[in-house]
Amino acid sequence: VVVLDQHQRVVRVNKRFVQGSGLQANQLMGRDADWLHQRLFQRIDNNSAIQAVKQLEQHDPDSEALDEIRFHDGQIFLRHSTPQRLNGEIVGRVLSYQNITALRQTVQKLQEREAVLEQTRADLSATLEAIPDLLFELDEHGTYLAVHAQNAQQLIVSPDLFLGKRFTDLLSTRSASVGMA
């Protein structure tokens with residue numbers, strides 16, 4: 001967290017910001033926001049996005065802003081910039097930073113896995129559609145989960161009559177035991 005006064009000078013920082021910025025607290029105190037941004041921008045990949053938020057803050061001091069800061073080392077921080085008020089009057093700005101690197105990495109991995117699953121699903125569907133025979137999908141207890149048929153006329157009865165039911169409910173004991181073997 002960084003707290004700026006109405007002149008955009010640093011008046012407070014917390015330990016986590018000091019540790020993450022690589023700067024000393026005494027280097028930060030009393031410095032203006034431009035100095036702080038220049039030090040941080042040396043390590044940031046998406047400077048143009050940060051500059052856009054900075055301009056918004058300067059032209060509309062009553063505005064709140066939320067942006068992501070991407071550092072050269074791969075870290076990603078969410079920055080929330082909000083005016084600080086005292087008796088309804090703006091007396092400064094509070095910048096809070098949250099490291100969301102692990103979150104973004106997890107989202108990226110999930111998106112990659114989802115793409116692989118979707119491709120696998122498409123491949124499986126294409127394979128099933130290419131098989132001319134009836135295929136019945138059963139679970140380990142012999143419950144009908146799905147039926148795959150190139151042509152619905154291949155089915156003697158509607159799938160509604162057997163889906164969700166067990167093998168043993170529909171077939172003779174002998175037929176069911178052969179089918180489950």
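This is a predicted model: local features need pLDDT of at least 70, side-chain atom pairs count only at pLDDT 80 or more; totals for chains, interfaces and linings use all residues.
Trainee: How many salt bridges does the structure hold?

Mentor: The structure holds five salt bridges. One of them joins R85 and D62, with the closest N and O atoms 2.0 Å apart.

Trainee: Where do R85 and D62 lie?

Mentor: R85 is in strand β4 (residues 76-86), while D62 is in the loop between α4 (47-59) and β3 (65-70), so the bridge ties together parts that are 23 residues apart in sequence. R85 is partly exposed, at 41% relative accessibility, and D62 is partly exposed as well, at 45%.

Trainee: What about R79 and D67?

Mentor: Their side chains meet in a salt bridge, with 3.1 Å from N to O. This pair links strand β4, which holds R79, to strand β3, which holds D67, and the two residues are twelve apart.

Trainee: Are R79 and D67 buried or exposed?

Mentor: Both R79 and D67 are buried.

Trainee: Which residues are linked in a network of salt bridges?

Mentor: E68, R70 and R104 are linked in such a network. Within it, the side chains of E68 and R70 meet at 3.0 Å, N to O.

Trainee: Let us turn to the rings. How many aromatic pairs are there in the whole structure?

Mentor: A search of the whole structure finds six. In one of them, the rings of F17 and Y97 have their centres 5.2 Å apart and their planes at 40°.

Trainee: Why is that pair called tilted?

Mentor: An angle under 30 degrees would count as stacked and one over 60 as edge-to-face, so the rest count as tilted. The planes of F17 and Y97 are at 40°, so their pair is tilted. F17 belongs to helix α1 (residues 15-21) and Y97 to strand β5 (residues 89-99), so parts 80 residues apart in sequence are tied together.

Trainee: Which residues do ring pairs link into a cluster?

Mentor: The cluster consists of F136, Y144, F162 and F167. F136 and Y144 form an edge-to-face pair, 5.8 Å centre to centre with 80° between the planes. F136 is partly exposed, at 41% relative accessibility, whereas Y144 is buried, at 10%.

Trainee: Where is T101, and what does its side chain touch?

Mentor: T101 is in helix α5 (residues 101-130). Its side chain makes a polar contact of 2.6 Å with the side chain of N99.

Trainee: Last topic: which residues make the nonpolar surface patch?

Mentor: I156, V157 and L161 make it, over about 340 Å². I156 lies in the loop between β7 (144-148) and α6 (167-170).

Trainee: Why does I156 count as exposed?

Mentor: Exposed means over 50% relative accessible area. I156 has 83%, so it counts as exposed.

Methods
Residues are numbered from 1 along each chain as its sequence is written. Side-chain values use heavy atoms; hydrogens and water are left out. Patches are made of residues with over 30% relative accessible area and no salt bridge: like charges are joined within 9 Å, nonpolar side chains (Val, Leu, Ile, Met, Phe, Trp, Tyr) within 5 Å. Accessible areas come from the Shrake-Rupley method with a 1.4 Å probe; for residues, only the protein chains shown count as cover. A salt bridge is a side-chain nitrogen of Lys or Arg within 4 Å of a carboxyl oxygen of Asp or Glu. Helices (H or I, at least four residues) and strands (E, at least two) are DSSP runs, numbered from the N terminus. Buried means under 20% relative accessible area, exposed over 50%, partly exposed in between (1.4 Å probe, protein chains only). A polar contact is a pair of N or O atoms within 3.5 Å; within protein, one must be able to donate a hydrogen and the other to accept it, and residues adjacent in sequence count only if both atoms are side-chain atoms. Rings of Phe, Tyr and Trp (its six-membered ring) pair if their centres lie within 6.5 Å; planes under 30 degrees apart count as stacked, over 60 as edge-to-face and the rest as tilted.
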